[in-house]
Amino acid sequence: MATTRPATVEVDTTMRFVAPDFTTINVRASMRYDQVDPYAVQVVFHPSSLDAEQVSWSFARELLATGLVEPSGIGDVRVWPWSTPRGEAVALALSSPDGNALFEISRGLVARFLKRTYALVPRGKETDSLDVTATVTRLLTDH
């Protein structure tokens with residue numbers, strides 16, 4: 001019996017970290033969507049040095065989609081439209097006990113990424129992609 005690997009969408013990009021004085025630093029990152037977790041997207045920050053670990057944030061796909069057109073999010077992840085001299089962007093604000101970070105991402109890149117995720121799992125059809133039995137089994141066997 002052949003098993004198929006769940007489909008994913010992944011886009012490598014450069015985000016801009018926005019410092020308090022509004023200077024920016026380029027940061028290598030990826031946006032990822034996996035059909036196994038149809039409600040969420042991940043942003044993975046890739047370290048510039050080989051000995052550092054990747055940092056990953058997971059949050060609602062809907063939060064990212066809403067943030068293209070209006071401010072979205074009230075907790076650790078907030079997204080909103082952001083205009084820059086470089087063009088239209090999306091601001092991604094991340095908060096943790098370790099601190100806060102503000103990133104700028106191309107609006108067009110985010111829109112194309114979301115379009116690809118909706119081709120994989122249409123908006124409103126996320127529950128069709130959930131394997132409840134596998135999820136419950138994983139929850140009961142993971143320690």
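Modeller: Let's start with Thr-117, which sits in helix H2 (residues 107–120); helices are DSSP runs of H or I, at least four residues, and strands are runs of E, at least two, numbered from the N terminus. The model is predicted, so local features need pLDDT of at least 70 and side-chain atom pairs 80 or more, while totals for chains, interfaces and linings use all residues. Residues are numbered from 1 along each chain as its sequence is written, and side-chain values use heavy atoms, without hydrogens and water.

Colleague: Is Thr-117 buried or exposed?
Modeller: Thr-117 counts as buried because its relative accessibility is 0% (buried is under 20% relative accessible area, exposed over 50%, partly exposed in between, with a 1.4 Å probe and protein chains only).

Colleague: What does Thr-117 touch?
Modeller: Val-9, Tyr-33 and Arg-61, not counting residues up to four places away in sequence; contact means heavy atoms within 4.5 Å.

Colleague: OK, new topic: where is Trp-80?
Modeller: Trp-80 is in strand S5 (residues 77–84). Trp-80 counts as partly exposed because its relative accessibility is 22%.

Colleague: And how far is Trp-80 from Thr-66?
Modeller: They are 14 residues apart in sequence and 8.0 Å apart in space, C-alpha to C-alpha.

Colleague: Which residues touch the most other members of the largest nonpolar core?
Modeller: Phe-45, Leu-92 and Phe-113, out of 29 residues. Such a core is a set of buried Ala, Val, Leu, Ile, Met, Phe, Trp, Tyr and Cys residues joined through side-chain atoms within 4.5 Å. Apart from that one lies another core of six residues, including Trp-82 and Leu-102.
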